[in-house]
Amino acid sequence: MSDSVPMNAKLRQAMLLAPALIFLAVFFVMPLFDNSMRSFMSEDGGFTLSRYTSFLTDRFYLGVIVETVVLAAAVTVISVVIAYPVAYVLVRKAGRLSGVFIFLLIAPLLTSIIMRTFGWQVLFARRGLVNQWLVTDLGILDVPLRWLNTPGLAIAALVHVLVPFAVLSIASVLQGVDRRLEEGALMLGASKLRTFFEVTLPLTMDGIGTGAILVFMIANGSFVTLVLLGGGFQTLPLLIYQQFNTTRDFALASTMSTILLAIALVCLWLQLRLVRRQGA
Amino acid sequence: MKLSDVILWIFTIAFFIFMILPIAVVVVISFTSAGYAAFPIPGWSMQWFARIFEYQPFIDSLWVSLKLAVVATVASCLLGIPAALYLSRSRSGWATAITTFLLSPLSMPMIVIGFASLFFLSWLGFGISFLALTIVHTVICLPYVIRTVTAVYRSMSPAYEEAAMILGASRFTTFREVTLPLIRPGIAAGCLFSFLTSFDNLPVSYFFGSAQTNTLPVVMLAYMEHQFDPSIAALSTLQLLLAVVALLIADRLYGIEKMTIAT
Amino acid sequence: MNMKRRTFLGTGAVATGLLGLNGLPLHAQDRTLNVTAYGGVWEQAVRDCFVAPFEAKTGATATVSLGGPPQWLAQVEANPEKPPLDVLIMSPDLAVIAAEGGLMDDFTVDKIPNLANIPQEFTDACLGKGTYLNYGVGGITYNKQVVAEPPKSFAAFVDRVASGEFVASVPSISYAVTPVFFIWALNDALGGTPDNVDPFFEAMAKMKDNLVFWAGPNDFFNHLASGEADLGIYFDGRTWNHVDEGVDWIDFVNPEEGGAMTAVAIQKPKNASDLAWEYLNEALAPENQSKFAEILNYGVTNSEVVYSDKLASRVTPLSKANLPPYADIARLRNEWVDRWNREIGM
């Protein structure tokens with residue numbers, strides 16, 4: 001903590017870190033390292049980088065990489081923007097309703113993904129409830145709209161399952177914010193809006209950062225929603241899934257996982273640096 | 001009520017309608033009298049709930065899933081909370097690097113983690129066992145606990161702990177009486193994420209499935225592939241019901257105000 | 001190949017230490033057999049038709065592992081010395097891969113007397129290391145309330161979907177058997193060969209504005225039930241299962257060109273319990289197979305089996321189904337998938 005902490009105390013503190021670090025080194029890094037060897041091995045057992053060079057020089061695959069990151073970023077921004085006001089209401093206004101809020105937030109995560117997708121299909125199919133309502137009941141439209149397999153609905157479905165992570169991350173930090181700081185600013189004559197932007201928001205930066213990081217990382221690696229709801233996206237996790245499911249090209253899957261992990265780590269590191277600079 | 005509050009509430013209500021609509025469809029279908037899942041339903045019945053209890057693999061795997069989610073969450077807390085406490089008070093650049101590393105399992109498609117772990121753990125001799133499944137689930141749950149606890153602890157002023165120490169409290173007393181209550185929302189959020197992630201996981205559990213270690217999502221998928229009847233919707237409704245019961249118990253034990261984050 | 005990869009890994013101290021921590025892994029035991037089944041009705045049928053007679057005859061017990069072929073094959077690949085499963089249910093293409101990988105035992109009439117009544121071509125299709133248990137056919141399933149006159153052939157299907165008469169739900173490339181029962185079957189019907197799949201991709205380009213894609217069988221049913229699509233490419237047996245569940249608006253057409261036969265293979269991993277032979281013999285026995293067919297609505301492979309009248313009208317006879325050239329498909333599949341990704345999307 002402070003610089004005067006003696007050496008053995010520092011060592012003792014580092015011991016706090018050791019179990020988690022060793023656990024992931026053995027049970028996360030080693031299996032993935034072992035698996036990634038498939039991507040560096042040529043047909044005759046020698047070492048090769050050819051899978052990486054051919055992947056990274058193919059315009060189609062480069063497009064896939066860009067689409068993966070852009071999609072995850074879009075889902076992250078939308079989720080965090082939606083989540084903040086909800087977290088605010090949850091912590092500051094909900095009172096006894098907060099239990100209900102939490103239930104509603106985790107309900108999507110407790111519903112099997114296949115049934116959830118089924119729910120979306122019932123609502124948004126060509127002759128589904130929403131179109132029926134728009135065309136028959138309200139008469140706003142003449143022809144039913146096409147929702148399924150559109151990018152918009154796929155993004156909405158991703159936000160639907162990831163936004164709870166953002167809400168709860170922001171709420172857990174917002175809960176610890178010392179309200180006297182906000183009251184002080186108000187008493188000194190700052191407007192409510194200004195108090196929010198200059199006091200509350202900076203104090204909850206860690207919550208926003210956590211929400212953004214969790215949503216981004218999960219979105220970056222997820223494929224089931226896209227498999228089931230389509231949307232025309234072509235992302236690395238989808239391609240990886242295809243190698244397991246259809247083509248059984250484990251070497252290509254391993255190549256893509258290594259690339260995906262590298263991208264995710266760079267994005268994560270950048271986000272953490274940003275949060276630390278803003279928050280501290 | 002002030003205008004700003006009205007807008008906030010309208011936004012929140014709209015948000016929850018969005019969250020709950022697809023789920024509501026599923027809940028309604030679980031009460032259908034038809035032999036297949038389609039909407040609107042022709043009539044009401046409880047037959048699909050009865051079907052859950054008739055089909056033994058549903059019950060067995062629900063039990064495996066619950067046990068697994070609890071064990072993986074406890075293991076994640078034991079490993080993750082100390083690491084988070086250390087990392088949140090460290091300001092050096094390598095702490096950022098280590099945090100990046102500890103969170104990295106989040107971004108790997110789970111199917112890759114599952115596949116790679118199957119081969120690695122089999123090689124180590126763990127084979128296809130509950131222990132192997134627990135290890136891999138802990139890998140994917142750990143980052144949630146680390147991140148949420150770090151976030152909450154970092155936003156706390158160290159002054160509270162310093163005050164306790166100055167007043168003569170031991171290191172352990174300080175942790176138990178000051179630190180732990182302060183980081184409780186972070187632990188609660190982390191445990192909740194961890195439990196749900198494990199409970200809902202398919203791609204990892206899939207590779208470690210056997211007659212003894214199949215989890216509920218694996219059995220549900222296998223079931224649905226060949227029999228898409230509304231019992232799967234009934235199972236989802238049952239899971240929601242279990243969540244309500246769990247929240248009510250938490251309310252009785254702690255009081256709902258204090259458990260904003262389900263502490 | 002695995003051991004070679006491991007030389008990179010080295011025998012780190014941590015890993016060596018952990019080798020002692022054996023987690024009591026599951027592996028085949030003497031009087032217990034670990035068999036496999038798809039879930040739902042499939043599992044029920046396996047228990048009633050194969051497990052029960054096996055247990056009655058041998059006095060041994062069998063546990064049933066639910067799941068799918070990619071998972072089971074990976075589990076056997078990861079534990080080739082001590083396979084956790086004794087009998088595998090496989091897709092035809094994975095059966096070939098498992099046989100080529102030297103992971104499966106040879107099937108002979110010595111060990112499985114009932115193999116004598118299974119057409120030799122099915123055992124050959126598994127390279128002698130397995131055979132087919134039952135089969136279905138991929139064809140055109142449609143909603144009777146919307147489609148009065150269904151297309152009778154793949155060619156008519158393509159023309160009428162392209163003209164905008166119907167919206168069709170077809171399998172997406174994320175579905176494991178799409179290359180076989182959709183790409184190969186449609187391409188073959190339209191005059192293509194495995195080495196020339198242009199006819200398939202040209203047809204897809206013509207139909208593209210009126211297509212939706214299904215990622216799993218339930219997805220297809222939902223597309224039809226919710227009105228997202230009017231007809232599509234699906235399986236005969238699954239269509240009949242829906243009819244038996246009370247869905248009265250669904251029907252199936254086997255296209256004139258002949259749909260692709262999609263079979264379920266059955267195999268025994270090397271080093272698995274020898275009790276597996278007894279079980280396999282029960283699974284291929286005519287009386288057990290006919291019971292199995294009644295439950296699942298799929299055709300079975302033992303030539304001694306006589307179907308009931310109801311089933312006889314449903315099962316597509318072997319003569320009207322095309323056996324896909326799995327060896328060619330295995331060679332070319334990844335090229336097709338890559339072309340699909342680039343031209344059609346995922």
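Two residues are in contact if their C-beta atoms, placed from the backbone, lie within 7 Å. The legends below use that cut-off for a predicted model.

**View 1. Chain C against chain A.**
In this predicted model, 27 residues of chain C are in contact with 33 residues of chain A. On the chain C side, the elements that give two or more residues are helix 1 (2–9), strand 6 (211–214), helix 10 (217–225) and helix 15 (326–343). Helix 15 of chain C supplies the largest share, five residues. By class, the side of chain C that touches chain A holds 13 nonpolar, eight polar and six charged residues.

**View 2. Helix 3 and helix 10 of chain A.**
Helix 3 covers residues 59–93 of chain A, and helix 10 covers residues 205–221 of chain A. Their axes come within 8 Å. They cross at roughly 145°. The crossing of these two chain A helices is right-handed. From helix 3 of chain A, the contact uses A:T68, A:L71, A:A72, A:A73, A:V75, A:T76, A:S79, A:V80 and A:A83. Helix 10 of chain A meets them with A:I208, A:G211, A:A212, A:V215, A:F216, A:A219 and A:N220. Eleven residues of this contact are nonpolar, five are polar and none is charged.

**View 3. The two domains of chain C.**
Domain 1 of chain C brings 14 residues to the contact, and domain 2 of chain C brings 20. On the domain 1 side, helix 5 (92–100) and strand 11 (321–322) of chain C are the elements that give two or more residues. Helix 5 of chain C gives the most, with three residues. The domain 1 side has six nonpolar, five polar and three charged residues.

**View 4. Helix 12 of chain C and its cover.**
Helix 12 of chain C runs over residues 275–283 and is mostly covered. Seven of its nine residues are buried. These are C:L275, C:A276, C:W277, C:Y279, C:L280, C:E282 and C:A283.

**View 5. The helices of chain B.**
Chain B has eleven helices and zero strands. Its C-alpha trace spans about 70 × 65 × 30 Å along the principal axes. Of the 263 residues of chain B, 56% count as buried. Among contacts in chain B with a separation of 6 or more, 74% join residues 24 or more positions apart.

**View 6. Confidence along chain B.**
Chain B averages a pLDDT of 87, and 95% of its residues score at least 70. Among the elements of chain B, helix 3 (residues 56–89) has the highest mean pLDDT, 94. Helix 11 (residues 231–254) of chain B has the lowest, 82. Over residues 256–263 of chain B the pLDDT is below 50. Beyond near neighbours in sequence, that stretch has 29 contacts in the model.

Technical notes: Residues numbered from 1 in each chain as written. Chains lettered and ligands numbered in written order. Predicted model: local features only at pLDDT ≥ 70, side-chain atom pairs only at ≥ 80, totals over all residues. Axes fitted to C-alpha atoms, helices over the stretch in contact; angles between N-to-C directions. Helix = DSSP H or I, 4+ residues; strand = E, 2+ residues; numbered from the N terminus. Left-handed = near helix turned anticlockwise from the far one by under 90°. Nonpolar A, V, L, I, M, F, W, Y, C, P; charged D, E, K, R; others polar. pLDDT = per-residue confidence, 0-100. Buried ≥ 20, exposed ≤ 12 C-beta atoms within 10 Å, placed from the backbone.
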